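Let's take a tour of a protein model, starting with a sheet and ending with a helix. Keep the 3D view open while you read.

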Amino acid sequence: MSLHLLLVEDDATYAHGLAADLIGLGHRVEHVFDGRLALAAIDREQYDAVILDRMMPRLDGLSVVEMLRASGITVPIVMLTALSMASDKVDGLEAGADDYVVKPVDPHELIARVQAVIRGRRWTASESDTIRAGDIVVSPISFRAWRAGQPITLANLELKLLAELARHAGEVLTRAMLIERVWGYDFEPETNIVDVYIRRLRMKLTEQGGADPIETVRGIGYSLKP
Amino acid sequence: MIGAAIRRLSLRGLTVGVLALFLIATVATGISILTANRVTVARAVDRRIAVVADLVLERDAGETRLPTPLLLTRIAALSGQRDTGDIGLLLLGADNQRLGGNIAPRFTLPMGWSDLRRRDGIIGLSHGRALVRDAGEGRRLAVVAETEPFDSYRAARTRIYLIGFGSIILIVIGGVVAFSMLVGRRIGDQRATVEAIIAGDIRHRVPVSGSDDEFDRQAAAFNRMLDRIAELMEAMRGQSNDIAHDLRTPLSRLRGQLAHMVADARDPVQAERASAALAQCDALLAMFAALLRIAEIETRQRQAGFARFDLSTLVRDTASMMIPVAEDAGRRLGVDVNIVVPDFTGDRQLLTQALVNLIGNAIKYGGDTITVSLDASEEGVSLHVVDNGPGIAPEDRSQALRRFGRLDTAREAAGGHGLGLPLVEAIARLHRGRLTLGDAAPGLGVSLILPRR
């Protein structure tokens, strides 16, 4: 899915590199240098999502989000910033941003997050529903999972991991995203926790035969085949 | 020296001391006044008695003896006069028989001065003085007078003293207690503010009553100081934001360019070099992130977000979560939570990070067995992560806690930015606890000691 993105970033070199990366991944990217130009651009055009720097001259990112949300504009916004404190993140999300990513970010991870935000907007089914991805069915409410109709015994965390992958089947989820959403951590552990749990999940999913449904996207993360 | 002694006095000590001194002084004053009063009255009465006795026993010039009828006439005359009518007079003969007078005491009065009480049986007299003088020819003259100007004088006097001095004492005690409570409360307000600030709420201020008294001025000065500290902290935070921005942006640029170089590399040698540079850039970013995380913890802002949770469950869940990670690295991880801590107050995320870090370290550098345990200790609770690896020599332990104080040998080879333990220590300090490294013989025993509150 090709996305139409607005990149708001005052650092020209970084912005050009990132824009080139995003274009290389098949998306349309428009770049502006500050908050006021961003407001004008959003007023003029329809974007699938906005990637917004926080510390910018003239109008900073936080004010841009607040002004957009105050005027009822709901375009998905991912803040891309150098400020990494927990309180900074809370500020960003409270202002109305959909996600908050600390610089630098791998372009694949950024796109994965943008897509997750867009997808999250379209996701209407409630948590109580069972989630289907290929021949896998997960019920986060009853803590149960099946593959090809056969029940699979999973530990709590493995089930949450599978549910998150299934909810975003076909999309790449990065390790950072999984740590944040499945483990609920606001830090990135130095150990390979995600890889270990993915390995265990794979083993349990293929125990009774069938191909490995989890795809490793090298250097980026994991994706469950839809 | 006196100044030092006064400074050492507590508010309560000072209050009690002043009250005690005041009570002693008041009681002493009361007793002195009472005594002086009694002595003065007794003296005046004695003088009066002596004068009356002189009047009865007065001899004209040349008169050698005083006939009994003369004495009785004089006694009768004195008894009839207005100013001496209240004086008791008694004339006794040589054989102790009553010759005349207006009183009849139950007991024989001794010669000279004596005190009288109600039991002496003189009608209408409860307290008095008596003088018995030789009247010649074996006769004796007794003169008695009351020392009380009216009946129940003593009881009335006691009542007056009690009411007078008692009300003074009550007023002073009430005043001192009210004063000490007021001082205590105003100082308590300041203490509450300080406690709130220690707990992380820098916006807290000492309440000002608006009376512009000493305490108000003190509170205002204190609040101005806090405003200044808050300003400085804000400036520091701004600075650390600037550093984060100014360093992260060029590092991000660098990383982007290196990533492009890796992607665009034509020959494998170039690709390998670019990959190595990219890995180093990522290590630099990780170190930078850890430094900023430590700085964030040290601002103590997160204390404002402290919440109550079950620490034993957190430890059990987090350690259990790490079991597969340990197994994956060929280690055995045991979890031994011996106590229930349902009401620990702190930061869940940071304590989870601390435990994940410590277990991660043990997996990376320790032996094949790791034990995580939670125990009650004198100071609160102790979280231990023990491995049976090579451990850290006692002389190297302080180095391990120092920032970038990575130990060479095995630890150097395993990589890492040398900020893992300092980060855990910062988390311990945020919770008013501490981190210790010990010898698990063999291996390393890391203990996170956290006070309960």
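What follows is a short walk through parts of this predicted model.

Start in chain A. Five strands there form an open sheet in the order β2-β1-β3-β4-β5, and they pair in parallel. At the edges sit β2 (28-32) and β5 (99-102) of chain A, each pairing on one side only. From one strand to the next, the twist averages 20 degrees. In general, strands of a sheet pair through backbone hydrogen bonds.

Now zoom in on one pair. β1 (residues 4-8) and β3 (residues 49-53) of chain A run parallel and are joined over four bridges.

Over in chain B, have a look at helix α6 (residues 268-298). α6(B) has 31 residues and reaches 45 Å from its first C-alpha to its last, close to the 45 Å expected at 1.5 Å a residue.

Which residues of α6(B) are buried? They are Leu285(B), Ala290(B), Leu291(B), Leu292(B), Arg293(B), Glu296(B) and Ile297(B). These buried residues pack against α5 (214-264), α8 (348-365) and α11 (420-430) of chain B, together with α4 (86-95) of chain A. Just after α6(B) comes Arg300(B), with a positive phi of about 65 degrees.

Technical notes
Residues numbered from 1 in each chain as written. Chains lettered and ligands numbered in written order. Predicted model: local features only at pLDDT ≥ 70, side-chain atom pairs only at ≥ 80, totals over all residues. Helix = DSSP H or I, 4+ residues; strand = E, 2+ residues; numbered from the N terminus. Expected span 1.5 Å × (residues − 1). Buried ≥ 20, exposed ≤ 12 C-beta atoms within 10 Å, placed from the backbone. Contact = placed C-beta atoms within 7 Å. Pairing = 2+ DSSP bridges. Axes fitted to C-alpha atoms, helices over the stretch in contact; angles between N-to-C directions.
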